[in-house]
Amino acid sequence: MKKIVLTTAGVALMAFSSCIQEFEPQGGSVTEDQAANAPGSYDNFVSALTSNIAGQWVFAGDSYEKPNDFGYPAIYVRRDVTGNDMVCVGGGYNWFNTWYQCGVALAPIYLDCQYPWTYYFVGIKSCNTVINMAGENPSPERIAGAGIAHFLRAWYNLDLAQMYSQKSYGEDSQSPTVPIITNAIDLDNATENPRAPYQEMMQFILSDLDVAETQLANYARPNKYTPDVSCVYGMKARVYLLMEDWANAEKYAKMAQNGYTVMTGEQYIDRNHGFNDANFTNSWMMACTFKKDDQVMVDKEGNHSWGSWFITELPSDSYGYYTTYGAGNYIDYHLYQTIPSTDARKKCWIDFSLDSMESQSEILTALSEYSDVPENLYGTASNIISNTNGSHGFGGMPLKFRAKDGNHTDNLEAYCVDVPMMRVEEMVLIEAEAAGRQNEERGKQLLTAFAQTRDPNYEYGKHNEAYNNNATSAFVNEIWWQRRVEFWGEGLSMFDVKRLNKGIIRSYPGTNHINGYRWNTSTPPQWMTFCIVQTETNYNGAVVNNPTPIAPKGNSPEHSW
């Protein structure tokens, strides 16, 4: 059994079920009851919940194999490039341009729109299958599997609520999210299943997490690719932060930190294990991983995987969109400039000053401050320069996500990396924000203690930039700045923009955003609210879709900082 049975949110996805991953034995299909009674089937279904998070095609078949189709981390990129902190470079070679450019394919009839909807509801269906197989009162052998399924169903629904609601929870707790698909739903009810209001969805998520907390209470997980009760606490902290229940957000963020340690600045920028190994430090709470036998690694030699888009230290003739085709994702110039030189995280991106250097030897010497293979970085940047007609080069190129074990020769080995899904640093910052929302001085102390693990010279108040509106206090702006830098590339930035009701700024003097897409907004842009696939609204009559986003015309006037 390799794939996952899909019954839809509504009958929506049945329209292209041939492209959806399904659990099936060789030579035929089985019912859920038959599968439940097959020897070892329950353990296989539970294992698939986490093993299929990354590395598998969402849409199977040659006509659907795309370089942006490699599982959950691909959705990180989709979310991050909708804002201003990640610059989508490489023109037609960059397969995430649709989300960066507010492309027409965000409309409900297109495959790009279908991708996140399909991924999440396939996952939810898988969770529902395991919950049904476990039964209402799971046996001791099945209770942990049921807890994992309840946890992941909550995870998927929390992401969905934030991606599809047009307003934040704090702005409108009745804003429609997505239909709730339980393990008890039948097709008749699914075809008249409206989008749940934010408040109802949050209560459903919390009920799942309450069950998971009980069922995983005594569970000793085999690895960090599987959730345990600390991850449940982390999820509750996320939910309560979104709901602006500051006391509970602080409570669960503190509980989640038990047993973990914030990584040091040196660990953050380690050349061999930087953000590629869940066990290198004690800070990662949960991760997904890419393996050599994953579909995306076997079928395309890793070219269609996470590493292809973020690992920049391989030779320029190796398989990789960054290294070979000159397409990747840069940090926003302004955000980079706000990072002090004493902050260890600044080494996660190449300084823009290298673009003004003329001598190759001078550039290679400068690159050696970032990498053991400066010649490979030089080759990667050369391909970027060629592909972008010189608009982008060294400055802003990322080095946060390193090749596995420092392997700079074999892309199949280099791309077999872990990708973080939850880190203790997030819990520390949730605790600081939640505490500061109740008592600002207490929040400042927690924030400062964290910030000094990255920058020993950190002084509170240096990042109080109102950004583009005054929707939040100077304290919250400081928290937000830390989150923007700390979690760059980890898929959280869009959620923060929407939660804090922030705008985006791409147009300003010296910007490195792509000409024609230098847009400024005073509130979260329309394209940060995803559309529901048309097949869902066709078959589920109770669902009203979000408006199709329309790209602004031309660059915005330059913002003055």
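In the predicted model, Ser368 is partly exposed, with a relative accessible area of 31%. This serine occupies the loop that joins α15 (360–367) to α16 (374–387). The side chain of Ser368 reaches back to the backbone oxygen of Thr365, at a distance of 2.5 Å. When residues up to four places away in sequence are not counted, Ser368 touches Arg271 and Pro374. Between Ser368 and Gly103, which are 265 residues apart in sequence, the C-alpha to C-alpha distance is 38 Å.

Gly320 also belongs to a loop, in this case the one between α13 (306–310) and β3. Gly320 has a relative accessible area of 0% and is therefore buried, the limit for that class being under 20%. Apart from residues up to four places away in sequence, the residues touched by Gly320 are Asn303, Ser308, Tyr325 and Tyr415. Gly302 lies 18 residues from Gly320 along the chain, and the C-alpha atoms of the two glycines are separated by 7.5 Å.

Most residues other than glycine have a negative phi. Asn501 is placed in the loop between α21 and α22 (534–539) and, with a relative accessibility of 29%, counts as partly exposed.

Within the helical part of the model, Asp208 is located in helix α8 (residues 198–215). Asp208 is buried, its relative accessible area being 3%. The side chain of this aspartate makes a polar contact with the side chain of Arg153, at 2.7 Å. Arg153 is also one of the residues in contact with Asp208 once neighbours within four places in sequence are left aside, the others being His150 and Ala154.

Strand β1 (residues 86–89) pairs with strand β3 (residues 328–331) in the antiparallel sense, over four bridges. In this pairing, Met86 stands opposite Ile331 of β3. In a regular strand the side chains alternate between the two faces of the sheet. In β1, Met86 and Cys88 point one way, whereas Val87 and Val89 point the other way. All of these residues are buried.

No disulfides were found in a search of the whole structure. Cys88 is in no disulfide, because the nearest cysteine sulfur, that of Cys102, is 13 Å away, whereas a disulfide requires sulfur atoms within 2.5 Å. The relative accessible area of Cys88 is 2%, and the residue is buried. Cys127 is likewise in no disulfide, and its nearest cysteine sulfur, that of Cys231, is 14 Å away. Cys127 counts as buried at 0% relative accessibility.

Rolling a probe the size of a water molecule over the atoms shows where empty space is left. Eight cavities of 30 Å³ or more were counted, and the largest cavity holds about 250 Å³ of space. The lining of the largest cavity comprises 22 residues, of which Arg238, Glu426, Arg483, Leu492 and Phe495 are the closest to its centre. At least two residues of this lining are supplied by each of α3 (72–80), α6 (143–164), α9 (229–242), β4 (418–423) and α21 (493–499).

The largest pocket contains about 580 Å³ of space. It is lined by 30 residues, and those closest to its centre are Ser47, Ala48, Thr50, Ser51 and Asn52. Two or more lining residues come from each of α2 (41–51), α6, β2 (284–289) and α12 (295–300). Helix α2 gives the largest share of the pocket lining, with eight residues.

How values were computed:
Residues numbered from 1 in each chain as written. Predicted model: local features only at pLDDT ≥ 70, side-chain atom pairs only at ≥ 80, totals over all residues. Heavy atoms only, no water. Buried < 20%, exposed > 50% of the residue type's maximum accessible area, 1.4 Å probe, protein only. Polar contact = N/O pair within 3.5 Å; in protein donor to acceptor, adjacent residues only side chain to side chain. Contact = heavy atoms within 4.5 Å. Pairing = 2+ DSSP bridges. 1 Å grid on protein atoms, 1.4 Å probe; cavity = no way out; pocket = protein on both sides within 12 Å on 5 of 7 lines; lining within 4 Å. Points joined across faces, edges and corners; volume = space filled by probe spheres on them.
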